[in-house]
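Have a look at the structure first, then read on with it beside you.

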Amino acid sequence: MANDIKTETFNLSEPFEYRGATYVEMKARRPKVRDLRNFIKNMEKDAIAAMEKVLADLCEVDEKVIAELDVADFAPMKKWFEDFLKPMASE
């Protein structure tokens, strides 16, 4: 198997507090087909909100936590998820 890692850890360059919790890293599980299905469905409405939702699901946090991420921390998480989509883009 090319990638046996079940989670990805993102160390935040801009840690933050939200509702009494301090976030210094985000751990995301690998996406499943259901995540992809929900992401594609939500993309039709609002692309940024769809990305927030899928990352919240993968990190198992509220979407409002993802919305509080600094853009510098959001970008690598977004790219990580998009890398899962690349093999399907040619289909």
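Let's begin with a pair of charged side chains: Asp 83 and Lys 79 meet in a salt bridge, with N and O 2.9 Å apart. A salt bridge here is a side-chain nitrogen of Lys or Arg within 4 Å of a carboxyl oxygen of Asp or Glu. Keep in mind that this is a predicted model, in which local features need pLDDT of at least 70, side-chain atom pairs count only at pLDDT 80 or more, and totals for chains, interfaces and linings use all residues. Residues are numbered from 1 along each chain as its sequence is written, and side-chain values use heavy atoms, leaving out hydrogens and water.

- Asp 83 and Lys 79 both sit in helix H4 (residues 71-89), four residues apart, which is about one turn of the helix.
- Helices (H or I, at least four residues) and strands (E, at least two) are DSSP runs, numbered from the N terminus.
- Asp 83 also forms a salt bridge with Lys 86, at 3.1 Å from N to O.
- Lys 86 lies in H4 too, three residues from Asp 83, again about one turn of the helix.
- How open to the surroundings are these side chains? Asp 83 is partly exposed because its relative accessibility is 31%, and Lys 79 is partly exposed at 47%, while Lys 86 counts as exposed at 55%.
- For these words, buried means under 20% relative accessible area, exposed means over 50%, and partly exposed is in between (1.4 Å probe, protein chains only).

**Salt bridges elsewhere**
- How many salt bridges does a search of the whole structure find? The search finds seven.
- One of them joins Glu 25 to Lys 27, whose closest N and O atoms are 3.9 Å apart.
- Glu 25 is partly exposed at 34% relative accessibility, and Lys 27 is partly exposed with a relative accessible area of 48%.

**The hairpin**
- Strand E1 (residues 7-18) runs antiparallel to E2, and eight bridges join the two.
- Two strands pair if DSSP finds at least two bridges between them.
- Within this pairing, Glu 8 stands opposite Ala 28 in E2.
- E1 and E2 form a hairpin with two residues between them.

**Two positive phi angles**
- Most residues other than glycine have a negative phi.
- Arg 19, in the loop between E1 and E2, has a positive phi near 50°.
- Arg 19 counts as exposed because its relative accessibility is 70%.
- Where is Glu 60 placed? Glu 60 is in the loop between helix H2 (47-59) and helix H3 (63-67).
- Glu 60 has a positive phi as well, near 55°, and is exposed at 64% relative accessibility.

**A patch of positive charge**
- Lys 6, Arg 30, Lys 32, Arg 34, Arg 37, Lys 41 and Lys 45 gather in a positively charged patch on the surface.
- Patches are made of residues with over 30% relative accessible area and no salt bridge; like charges are joined within 9 Å, and nonpolar side chains (Val, Leu, Ile, Met, Phe, Trp, Tyr) within 5 Å.
- Arg 30 is in the loop between strand E2 (21-29) and helix H1 (33-43), and Lys 32 is also in the loop between E2 and H1.
- Lys 32 is partly exposed because its relative accessible area is 43%.
- From C-alpha to C-alpha, Lys 32 is 25 Å from Ala 72, and the two are 40 residues apart in sequence.

Methods
Accessible areas come from the Shrake-Rupley method with a 1.4 Å probe; for residues, only the protein chains shown count as cover. Lys and Arg count as positive and Asp and Glu as negative; His and the chain ends are not counted. The place of a charge is taken as NZ of Lys, CZ of Arg, CG of Asp or CD of Glu.
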